[in-house]
Amino acid sequence: MKPAQSDTDLLNRLAAGDALAMKAFFARHQAKVFRFSMRLLKDNMAAEDLTNEVFMRVWQRADSFRGQAAVSTWLLSIARNMALSRLRKRSEETLGEGQSEALVDDADTPEILAQKASKGEAIKLCIAKLSAEHQEIIDLVYYHEKSVREVGEVVGIPDATVKTRMFYARKQLAELMRDHGIDRGWP
Amino acid sequence: MTGEGKQMDRDEAELLLPFYVNGTLEVEVREEFEAVLAKNDELRIQLELAQEDREFVTAENEAITIPSPAKFNQLLGENTGSRPRANPSVVTRILTWWEGLPPIASAGVAVAALVLVLLQASIIAGGLLNQPTGNGFRTASGEDKPSVTQNAGAFAGVVVRFADSATAARISDLMTRIDAEIVSGPRAGGLYHVKLNKPFETAEEFDTFIKELNTNSTIILFAQKAS
């Protein structure tokens, strides 16, 4: 069986204009970049557009990859920078429809929440109530499986800040869960 | 040790807990974490919560439907023709090549390595790689060119010493992949002059290239800019 090509090999090929390699690279990384973009933009269409732009930038500038970070970390950094740029542009606008849908109804009492949501659903709702910074770091650590250093590279903060931010994100999540009637024994 | 010259305490373990859960702690730090964990009930509770949170976050992400690649493929098709066809950077080519190298064989091939060193020297001297003629070198077409140190691009000359275990085939492979050629050597200390056929445009790129050459000792013991 032919072994899968490494990311660096694919980058090498697409830097030389190999569209097939670009498609393979896209297929390999699209899901994580799209889901990260969704976390940041909270809008399906915007996240798809952003993801496509990230990979088009890679297509145009593949030779800018220096190998100082994992390819996935590099891609998430590009996605984050582009997403923040978009968010800044619309910062003066009122919340878009996609964002409104993502927010949790604060009128939910613990009882209502318990009735309509499983524990997993409750965690999901409470994560949606966290600040954008806390949502982002939880996503990077738990889903994208990034190390302290890699999170720092994507977000642009020192290692010590990565650790404390993640700690407060976890603590805030646990407190929100308790407020919604699910006491998990910590903090 | 936590990397800061002190034993891990409970507070530090609490901060590192999510990175233990996602498996990104280095072995030494992970072992320290586990030692603290074994003595702390509350930390074990936090660990269970973090594992639970991670499962939910992962499931939540994986439930997000990924768009079809059709739109991207269309964009790609529209931009393929107009795209500037950049050559892959030399650094990328080196990284690719390093990745493809098999693990270093050690004690078992010591004798073979010695033979290969002799073979390498004889093959290089014998003209597998371009030999200098006078102060210059000869291209594949047989045309004499001046020495790299005389008038090649400012960021095109490198002095290297090859590792004892480097075979002629590997050296030749490296020269092909980085689009370079040996133009003279060996000189005192086993040094060879290497010329890059596509000189770097900036000192920064050239420094990065030299650094990459120095990161893998299976072929090159050290590399530096040619003076």
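Lys42(A) sits in the loop between H2 and H3 of chain A. In this predicted model, Lys42(A) has a positive phi of about 55 degrees, even though it is not a glycine.

Glu145(A) is found in the loop between helix H8 (132-143) and H9 of chain A. With 17 other C-beta atoms within 10 Å, Glu145(A) comes out as partly exposed, because that label covers counts between the exposed limit of 12 or fewer and the buried limit of 20 or more.

The backbone of chain A has another feature to look at, this time in a peptide bond. Trp186(A) and Pro187(A) are joined by a cis peptide bond, with omega at about 5 degrees. Most peptide bonds, by contrast, are trans. Pro187(A) belongs to the segment that comes after helix H10 (159-179) of chain A.

Turning to the helices of chain A, H4 covers residues 71-89. Its 19 residues, at 1.5 Å a residue, should span 27 Å, and the end C-alpha atoms are 28 Å apart, so the two figures agree. Several residues of H4(A) are buried, among them Trp74(A), Leu75(A), Leu76(A) and Ile78(A). Thr73(A) and Arg80(A) are buried too, along with Ala79(A) and Ala83(A). What do the buried residues of H4(A) pack against? Their partners are helix H2 (19-41), helix H3 (44-61) and helix H9 (148-155) of chain A.

Over in chain B, four strands make an open sheet, ordered E5-E6-E4-E7, with antiparallel pairing. Strand E5 (180-187) and strand E7 (220-225) of chain B are at the edges with a single partner strand each, so one side of each has no neighbour in the sheet. From one strand to the next, the twist averages 25 degrees.

For E5(B), the link to the sheet runs through strand E6 (residues 191-196) of chain B: five bridges join the two strands, which run antiparallel. Within this part of the sheet, Ser184(B) stands opposite His193(B) in E6(B). A helix also takes part in the picture. Helix H9 (residues 203-213) of chain B lies across strand E4 (157-162) and E7 of chain B, and it runs at about 165 degrees to E7(B).

Terms used
Residues numbered from 1 in each chain as written. Chains lettered and ligands numbered in written order. Predicted model: local features only at pLDDT ≥ 70, side-chain atom pairs only at ≥ 80, totals over all residues. Expected span 1.5 Å × (residues − 1). Contact = placed C-beta atoms within 7 Å. Pairing = 2+ DSSP bridges. Axes fitted to C-alpha atoms, helices over the stretch in contact; angles between N-to-C directions.
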